[in-house]
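Visitor: Could you take me through the side-chain contacts and the pocket here? I'd like to settle a term before we start.

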Amino acid sequence: MCIFCDIIHHEIPSKVVYEDDQVLAILDIAQVTKGHTLVMPKKHVENLLECDDETAAHLIQVVKKLAVQIQARTGAAAINILNNNGELAGQTVKHLHFHIIPRYNENDAFVCEFKESEKQDLDEVLALIQ
Ligand code: AMP
Ligand code: ZN
């Protein structure tokens, strides 16, 4: 049972922004800002890390194309593109999706803040992740 699969199969209504054989884009039901759009593969995959490269490549092409279109149509000053992978990262729907969030001003409802945590030894971090 996946709410986005139900939307993809037209069992739950949605406002479709874009559709092709592999990808569906819909308006987020809770518009963080005007034009907030979700872009998802039609194939059920839980998150980006589990997605095959071909699907991911097409998905990101559609995300880019729609971001350009949405910014032009809304007149937004900027766009955030967000993808949450895992509950701790804020993922609530376990079907891969990108958020396209138009930004209008500093006081709009979207908040994303990078705070520096404790100092890291960058060489150690590199050795760990490379
Ligand atoms: P995330 O927290 O990244 O998993 O985002 C899930 C998003 O799906 C949230 O922004 C919800 O508002 C949105 N959402 C949940 N149900 C629906 C629905 N039926 N139609 C459109 N958007 C939905
Ligand atoms: Zn699904």
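Guide: A salt bridge, as the word is used here, is a side-chain nitrogen of Lys or Arg within 4 Å of a carboxyl oxygen of Asp or Glu. Please keep in mind that this is a predicted model.

Visitor: OK, how many salt bridges does the structure hold?

Guide: The structure holds five salt bridges, among them one in which the side chains of Lys119 and Glu116 meet, with N to O at 2.8 Å.

Visitor: Are Lys119 and Glu116 buried or exposed?

Guide: Lys119 is exposed, and Glu116 is exposed as well. By contrast, Arg103 and Asp108 are both buried, and these two residues form a salt bridge whose closest N and O atoms are 3.0 Å apart.

Visitor: And what about Asp52 and Lys43?

Guide: Their side chains also meet in a salt bridge, at 2.9 Å from N to O. Asp52 counts as partly exposed because its relative accessibility is 31%, and Lys43 counts as partly exposed because its relative accessibility is 47%.

Visitor: Switching topic: how much space lies in the largest pocket?

Guide: About 190 Å³ lies in the largest pocket, and its lining includes Ile3, Phe4, Ile7, Lys15, Asp28 and Leu38. Helix H1 (3–8) and strand S2 (23–27) are the elements that give two or more residues to that lining.

Visitor: Which one gives the most to the lining?

Guide: H1 gives the most, with three residues.

Visitor: And how do the lining residues divide into nonpolar, polar and charged?

Guide: The lining of the largest pocket has nine nonpolar residues, one polar residue and two charged residues.

Terms used. Residues are numbered from 1 along each chain as its sequence is written. Chains are lettered from A and ligands numbered from 1 in the order in which they are written. This is a predicted model: local features need pLDDT of at least 70, side-chain atom pairs count only at pLDDT 80 or more; totals for chains, interfaces and linings use all residues. Side-chain values use heavy atoms; hydrogens and water are left out. On a 1 Å grid over the protein atoms alone, a cavity is a set of points where a 1.4 Å probe fits but cannot get out, and a pocket is an open set with protein on both sides within 12 Å along at least five of seven lines; lining residues have an atom within 4 Å of a point. Grid points are joined across faces, edges and corners, and a volume is the space filled by probe spheres set on the points. Helices (H or I, at least four residues) and strands (E, at least two) are DSSP runs, numbered from the N terminus. Ala, Val, Leu, Ile, Met, Phe, Trp, Tyr, Cys and Pro count as nonpolar, Asp, Glu, Lys and Arg as charged, and the others, Gly among them, as polar. Buried means under 20% relative accessible area, exposed over 50%, partly exposed in between (1.4 Å probe, protein chains only).
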